[in-house]
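Me: I would like to learn how to read a few features of a protein model, taking them one at a time. Could you go through them with me?

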Amino acid sequence: MSHDQSARLGLPYLAAGQMQKHVTLNEALTRLDALIQTAVASRTIMTEPEAPDDGRLYILPEGAEGPGWSAFAAGTLIRVESGGWTGIEVADGQLVWVEDEAAFVVRDGDGWSPLGARIGEVGPLERLGLGATADEANPFVAKLNKALWTALEAASGGDGDLRLTLNKEAPVDVLSLLFQSGYGGRAELGLIGDDDLSLKVSADGAVWRPALSVDRATGRVSFAQGAGRREITVLTANGSWTPPVWARSVEAIAVGGGGGGGAGAFGASGARYGGGGGGAGGVSRTIWAADQIAAGLTVVVGAGGTGGVASAGAGGSGSVVYLGSTALLLATGGGGGGLGGGSSGAAGAGGASVPNSNAGGASSVSAAGGAGKAFDRPDAPGGGGAGGGLDTSSVARSGGAGGDGGVLAVKAPGGSGGTGAVGGPGAAAPLNHLHWAGGGGGGGGAVVSGAGRSGGAGGASGAGGGGGGAGVSAGGAGGAGASGVVWLIAQG
């Protein structure tokens with residue numbers, strides 16, 4: 001034990017019989033003034049201030065300059081008094097408040113360390129606020145823009161893993177992450193009132209809708225509002241298409257162009273048949289993995305066949321989907337209706353597919369023209385109705401009705417057969433965002449004087465045109481077949 005100064009703070013003692021005791025006492029008080037509730041102005045100012053207030057404290061940084069400061073080593077706690085600078089001896093562990101940093105530092109050997117770097121353990125705490133004030137309702141509050149949790153590496157004594165454990169007391173309690181916008185709840189994820197993982201969402205923070213649930217016993221996932229994304233692209237003309245990045249599979253439906261109806265026969269006598277109805281375009285469909293066609297597809301949409309004018313109807317052309325130069329999907333066009341003659345008005349064949357598409361109707365002189373087919377392939381476009389014929393007694397027959405498109409799906413009615421009148425056009429699918437098949441055109445009616453009546457056009461997409469009716473001076477023209485279509489349905 002020293003008889004000259006105190007053991008911890010080094011305060012000088014008064015000696016017995018000492019003269020000028022006030023000098024020693026003042027030295028001790030000055031030292032206490034520096035070491036009790038120590039607060040320094042700065043530890044980063046490099047240049048000695050010209051006229052600091054008495055009692056002002058500084059920690060000298062490396063390279064500090066000035067007539068007084070240059071005499072002290074970096075890290076020294078110095079005090080100014082009456083224009084002179086004094087170094088204050090500081091013990092390891094001394095706590096100092098740095099005013100221009102608003103932070104505590106601790107004496108650490110010959111230097112200083114932030115207080116947080118020296119604290120190995122804090123707590124238990126009742127409240128903690130980081131950038132904000134914690135309160136009774138929220139005993140922990142953090143107001144910040146970024147946060148990072150990272151595993152302790154093996155090189156630092158950890159095992160490289162990081163696992164956050166959150167626990168609730170009982171199944172009926174809530175353990176969740178609540179996501180808010182403007183302090184209004186928008187999503188909640190966790191064990192919400194039971195032990196199954198669930199996600200629910202809200203538009204206003206008041207009404208909540210379940211979105212997802214994972215059964216803890218089976219791992220089965222259920223979606224209360226449904227799941228998945230589906231996007232339909234309809235191409236009615238040639239073009240290209242690339243699957244969206246979110247797609248996992250692509251369903252393709254190709255429909256070929258419908259065949260045109262044939263023209264009706266004409267003449268003053270004999271059996272005169274109406275033109276045959278055009279066949280509907282073929283239908284092909286398949287599903288691909290989206291990543292297998294990521295390079296993009298080229299699509300050719302088949303044109304409808306023209307109706308015959310004193311001729312058979314033209315067949316529709318096929319719709320084709322290509323990947324590069326390779327045809328991935330083909331839907332053939334429907335056959336054109338036959339030219340009416342003295343013995344027949346043949347039906348146009350349905351486009352080849354599995355099963356084949358709907359054929360057109362065949363003409364007759366003993367009954368109304370044959371109706372276009374609808375049930376050869378119930379999801380396909382309708383075939384065109386045949387034109388009405390004239391028998392040897394010049395009895396005029398009505399044209400046949402066009403076949404309904406998508407008769408067991410979203411039905412598009414076929415056109416009406418003409419009775420001494422033109423055939424009605426086939427209808428397009430009434431809900432074309434749900435289905436694509438059009439109704440076949442109706443056959444034109446026969447007449448006993450003048451020209452036979454024209455057949456109706458096929459309805460979009462892929463329907464056959466109606467055959468023209470028989471006449472005396474000219475046969476009715478066949479109705480045009482409808483162009484094809486390609487649907488590309490991305491699903492993810």
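This is a predicted model: local features need pLDDT of at least 70, side-chain atom pairs count only at pLDDT 80 or more; totals for chains, interfaces and linings use all residues.

Me: In what order do the 3 strands of the open sheet lie?

Reply: Strands of a sheet pair through backbone hydrogen bonds, either parallel or antiparallel. Strands here are DSSP runs (E, at least two residues), numbered from the N terminus, and two of them pair if DSSP finds at least two bridges between them. In this sheet the order is β2-β3-β4, with antiparallel pairing, and the edge strands, β2 (57–59) and β4 (84–88), each pair on one side only. Strand β3 (residues 77–81) and β4 are joined over 5 bridges, and Glu81 stands opposite Gly84 in β4.

Me: Is Ser284 buried or exposed?

Reply: Buried means under 20% relative accessible area, exposed over 50%, and partly exposed in between (1.4 Å probe, protein chains only). Ser284, which lies in strand β18 (residues 283–289), has a relative accessible area of 14% and is therefore buried.

Me: Which residues have the most contacts inside the largest nonpolar core?

Reply: A nonpolar core is a set of buried Ala, Val, Leu, Ile, Met, Phe, Trp, Tyr and Cys residues joined through side-chain atoms within 4.5 Å. The largest has 19 residues, and those with the most contacts inside it include Trp241, Trp288 and Leu297. Apart from it lies another core, of 10 residues, among them Leu77 and Trp112.

Conventions:
Residues are numbered from 1 along each chain as its sequence is written. Side-chain values use heavy atoms; hydrogens and water are left out. Helices (H or I, at least four residues) and strands (E, at least two) are DSSP runs, numbered from the N terminus.
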